[in-house]
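Biologist: Can you put the model up? I would like to go through it with you.

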Amino acid sequence: MSTTTPATEDATVAGEAVVDLSDVNFGYTATPVVEDISLRIDQGEYVAVVGPNGSGKSTLMKLMLGLLRPDTGEARLFDEPSHEFDDGARIGYVAQHASASKEMPITVREVVRMGRFPHVGFGRLSAEDEAIVDRALETVGMTGFKNRRVTKLSGGQRQRAFIARALAGEADLLVLDEPTVGVDAESVDAFYDLLESLNQEGITVLLIEHDLSAVTEHAERVVCLNREIYFDGPTEEFVQSDALSRAFGTAATFLGGSR
Ligand code: ADP
């Protein structure tokens, strides 16, 4: 066994738990929506949660992030009870394109600057903050669009802008809820390439996804949910397993699997 250097506080060390659920049960009413969920996601992983509509994916995500509290069991985020976790800048959340506000009359750069707000309190952004914003725009390939209003962007460009906001905030966990709904096919590929390169730089990616071909191409680990966990393990094993048909019903297949 090698001796490892102690992690500094707040460091993002590969192998540390980002999300840790133990025996979590939850229902909005007396009917359970998620049952007996134990799930740990470590720093640096790329995990996809799949399951049919209504299988509890969004609920599970809210439990992980502390937006809901388990009825029984425990949810932890960055080693704190999820509902007490308050360092929002560590988490970048990218919602479905469809739910991104169409009303925001602000530019791409202004959206990305928002990522710095938790770091400066009520203060102004420093030159260094502005440089971080520019670097985030560059990373997602949106420098050329920085002065464009977000309402004028394509779906794929808008999702890149929201990723840039998370990068500007120095998020180390990206949570994406079906991020490519309504995004054209070419931009979808580029979007997943971007996620993959961010993951390779150490950002933990948690993807809730209905597009199974995207999941099998990009995620390292799949959690297949339908109220309970049907499968949790490496993507290659998921593809070989019968979890998909058990969780989705017999009609489910891997679309695009012949590529
Ligand atoms: P998914 O994300 O997999 O589509 P959800 O977590 O959104 O699944 O929903 C799981 C179940 O919980 C569904 O039956 C849904 O109708 C129900 N549900 C979701 N949100 C609420 C809510 N706020 N109040 C009551 N029931 C809800």
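**Helix α5 and onwards**

Modeller: Let me begin with α5, which is mostly covered, as 13 of its 14 residues are buried. Bear in mind that this is a predicted model.

Biologist: What happens just after α5?

Modeller: Glu170 takes a positive phi there, about 60 degrees, although Glu170 is not a glycine. Glu170 sits in the loop between α5 and β7, the latter being 173-177.

Biologist: Which residue other than glycine has a positive phi near 70 degrees?

Modeller: That is Arg227. Arg227 is in the loop between β9 (221-226) and β10 (228-234).

Biologist: Changing topic: the ligand. Which residues surround the ligand?

Modeller: Tyr28 and Val33 are in the shell, together with Pro52, Asn53, Gly54, Ser55, Gly56, Lys57, Ser58 and Thr59.

Biologist: Where do backbone N or O atoms come up against oxygen atoms of the ligand?

Modeller: At Gly54 a backbone N or O atom is 2.8 Å from a ligand oxygen atom. For Ser58 the corresponding distance is 2.9 Å, and for Gly56 it is 3.1 Å.

Biologist: How much of the ligand does the protein bury?

Modeller: The protein buries 53% of the 560 Å² that the ligand exposes when taken alone.

Biologist: On to Leu65. Where does Leu65 lie?

Modeller: Leu65 belongs to helix α1, residues 57-65. With a relative accessible area of 15%, Leu65 is buried.

Biologist: Which residues is Leu65 in contact with, leaving aside neighbours within four places in sequence?

Modeller: Leu77, Ser82, Ile91, Leu173 and Val175. Also, the C-alpha atoms of Leu65 and His83 are separated by 7.3 Å, with the two residues 18 apart along the chain.

Biologist: What about Arg109, buried or exposed?

Modeller: Buried, because the relative accessible area of Arg109 is 15% and the cut-off for buried is under 20%. Arg109 is placed in helix α2, which runs over residues 108-114.

Biologist: Which residues does Arg109 touch, not counting those up to four places away in sequence?

Modeller: Arg109 touches Glu130, Val133, Asp134, Leu137 and Lys146.

Biologist: Last, the chain as a whole. How many helices and strands are there in the chain?

Modeller: The chain has nine helices and ten strands. It has 259 residues, of which 46% count as buried.

Biologist: What share of the contacts with a separation of 6 or more comes from residues 24 or more positions apart?

Modeller: Such pairs account for 67% of those contacts in the chain.

Technical notes:
Residues numbered from 1 in each chain as written. Predicted model: local features only at pLDDT ≥ 70, side-chain atom pairs only at ≥ 80, totals over all residues. Heavy atoms only, no water. Near = heavy atom within 4 Å. Polar contact = N/O pair within 3.5 Å; in protein donor to acceptor, adjacent residues only side chain to side chain. Areas by Shrake-Rupley, 256 points an atom, 1.4 Å probe, with all protein chains shown as cover. Helix = DSSP H or I, 4+ residues; strand = E, 2+ residues; numbered from the N terminus. Buried < 20%, exposed > 50% of the residue type's maximum accessible area, 1.4 Å probe, protein only. Contact = heavy atoms within 4.5 Å.
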